[in-house]
Amino acid sequence: MTFNITRRQALLGGASIAAAVALGGVHPAFADADRTKIVVRVDKDLVNLDPANRSGPVDLNVIWSVQQGLISFKPNSTEWELDAAEELVQVNDKEIRFKLRPGLTFTGGYGELTAEDVKFSFERFIKPDAEGKAVTYAKDWAALDQVEVTGPLEGRILLKSPAPALYSIALADGSGRIVSKKAFDKLGEKAIATQLIGSGPYILREWTPREQFVLEINPEYKGPIKPHFQQIVGKPIGEQKTAEIAFQSGEIDFTAVDPENAKALAALPDSIVTEIPAIDYVWFGPNIEKAPFDNIKVRQALRLAVDIEGILQGAYSGLYPRANSLLAESLLGYWKDAPVYQRDIEGAKKLLAEAGLESGFKTRLTIESTARYQAIAQIIQANLADVGIEVEIESLESAAYWALGENDASKDLELSLIKYNGKFDPSFQTQWFTSEQVGQWNWQRYKNADFDALHAKGATTVDPAERAKIYVDAQKLLDESAAFIWITHNLNAFASRNWLKPGVLPNGNNWLYTAFSETSA
């Protein structure tokens, strides 16, 4: 028996994945699959294809496919390999020398990729635009002094200070993509947000907003990467359940899925499910500038009142690992001996009494409106009620929630539940908790000069062992503040056809479309 659910049926509440498995069979399209192309699901539409102003992983994954960097990440790894660069040499702590491969050309008739393009692309991050505004990812190149062109294909990256994170945060990442200066000068910054000009393995053949984008092999590409598929189609599907049903019905070949549904999807005859521990960080905490949370005893009481294991069971089906500190286990600076706080209702009540709040108080917990975050909030609400704290849940749509990072809107928060995506260098994670981020993304409004100094020191320290100790010490300060109640680093799960080998980086959010291939290839 065949089983086919359209996206419209799914939206109207079509059969569950489990039911689909029970019915058995395979979508007819599977039998004669076109192995020259794949269809992947992305959780949102493209927004901005300018690498300096990209909106997130969906944009970046396409940018990576079309534009080259001096280096790029290896498939399924945090290590890098040469890309547009034929040579890349760290001369000393503040100088990197590069030599480009000859014959690399931009699409659209914009000529050869040269050292001038490298200079233009990187120095954009440290030069405000005509309106005096910095690019979105300016901090990625904060250590850059200048790029000196020493020949048509050669140059020197000169830094103001050592920057050990530069390779993973900038050069191999989106901020290291090389933009055609000629194209930028002709089209302008606004146009390059939607017209992607590159020298990489793919071209962006089509982008129909809210429907799909199409990547196609670049016939003029002369670089080292050998993409397998002639065409990659991306379909934006926001709802996870809808995406999973679309996968089961054969509309898509690859998608992120809820780990809770992994077993059902893996039972499909043509499917495999892969799980990858994530490096995100999910936590909740108070605005420590607001009473009564300016009293550390109240913050410590919150930490003892909340049942993290109960949250992991109730909101994450017991499948996600617990987080006890900022940095995930796979990252430099992981604090393996971080304290594991267990629920202690009497201990929490005692601390509240010592703070003069034995009768409790009322507060508000602000969350992004998703089913999972609603579940977490309700558990927190019930936990805090047990110690006399009455919690009102404020659930905001995504745009309104993330607007709290603008114009000092976070000053009005009381409690907030937050999830940030991680990157491969610990300095990316610690930056959001510095004093200068208060009013932007430091919603706990945590200010500590010692933490700021450790963040700055870690960003310029080259020795890995010394850097690791710096980041452990920084996490100890976060712990001492009791402003951050860690929940999980998340778990990534992906469903794909059993003939498809995905190219997913270890953070789970970033995919190398150029590395997707057939398992037999």
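Five cavities of 30 Å³ or more were counted. A cavity is a set of points on a 1 Å grid over the protein atoms alone where a 1.4 Å probe fits but cannot get out. Grid points are joined across faces, edges and corners, and a volume is the space filled by probe spheres set on the points. The model is predicted: local features need pLDDT of at least 70, side-chain atom pairs count only at pLDDT 80 or more, and totals for chains, interfaces and linings use all residues. Residues are numbered from 1 along each chain as its sequence is written, and side-chain values use heavy atoms, with hydrogens and water left out.

The largest cavity holds about 100 Å³ of space. Its lining (residues with an atom within 4 Å of a point) comprises Arg303, Ile308, Arg322, Ala323, Asn324, Pro339, Tyr341, Asp479, Phe484, Ile485 and Trp486. By class, seven lining residues are nonpolar, one is polar and three are charged. Here Ala, Val, Leu, Ile, Met, Phe, Trp, Tyr, Cys and Pro count as nonpolar, Asp, Glu, Lys and Arg as charged, and the others, Gly among them, as polar.

Helix packing was examined next. Two packed helices are described by the angle between their axes and the distance between the axes. Axes are lines fitted to C-alpha atoms, for helices over the stretch in contact, and angles run from 0 to 180 degrees between N-to-C directions. Helices (H or I, at least four residues) and strands (E, at least two) are DSSP runs, numbered from the N terminus.

Helix H17 (residues 449-460) packs on helix H18 (residues 464-481) at about 160°, with the axes 9 Å apart. H17 is therefore roughly antiparallel to H18 (angles over 145 degrees). Their crossing is left-handed, that is, the near helix is turned anticlockwise from the far one by less than a right angle; clockwise would be right-handed. Contact (heavy atoms within 4.5 Å) involves Asp450, Phe451, Leu454, His455, Lys457, Gly458 and Ala459 of H17. From H18 come Glu466, Arg467, Ile470, Tyr471, Asp473, Ala474, Leu477 and Leu478. Eight of the contact residues are nonpolar, two polar and five charged.

H11 and helix H13 (residues 345-354) pack at an angle of about 165°, their axes 8 Å apart. H11 is thus roughly antiparallel to H13. This crossing is left-handed. Lys297, Val298, Gln300, Ala301, Leu304 and Ala305 of H11 meet Gly347, Ala348, Leu351, Leu352 and Glu354 of H13. The contact has seven nonpolar, two polar and two charged residues.

Helix H12 (residues 308-316) meets helix H14 (residues 371-385) at about 145°, with the axes 9 Å apart. The crossing of H12 and H14 is right-handed. H12 contributes Gly310, Ile311, Gly314, Ala315 and Tyr316, and H14 contributes Arg372, Ala375, Ile376, Ile379 and Ile380. Seven of these residues are nonpolar, two polar and one charged.

Backbone geometry was also inspected. Most residues other than glycine have a negative phi, and most peptide bonds are trans. The Ala291 to Pro292 peptide bond is cis, with omega near 5°. Pro292 lies in the loop between strand S13 (281-286) and helix H11 (296-305). Arg210, not a glycine, has a positive phi of about 70°. Arg210 sits in the loop between strand S8 (202-208) and strand S9 (212-217).

Note on methods:
Angles under 35 degrees count as roughly parallel, over 145 as roughly antiparallel, 65 to 115 as roughly perpendicular and the rest as oblique. On a 1 Å grid over the protein atoms alone, a cavity is a set of points where a 1.4 Å probe fits but cannot get out, and a pocket is an open set with protein on both sides within 12 Å along at least five of seven lines; lining residues have an atom within 4 Å of a point.
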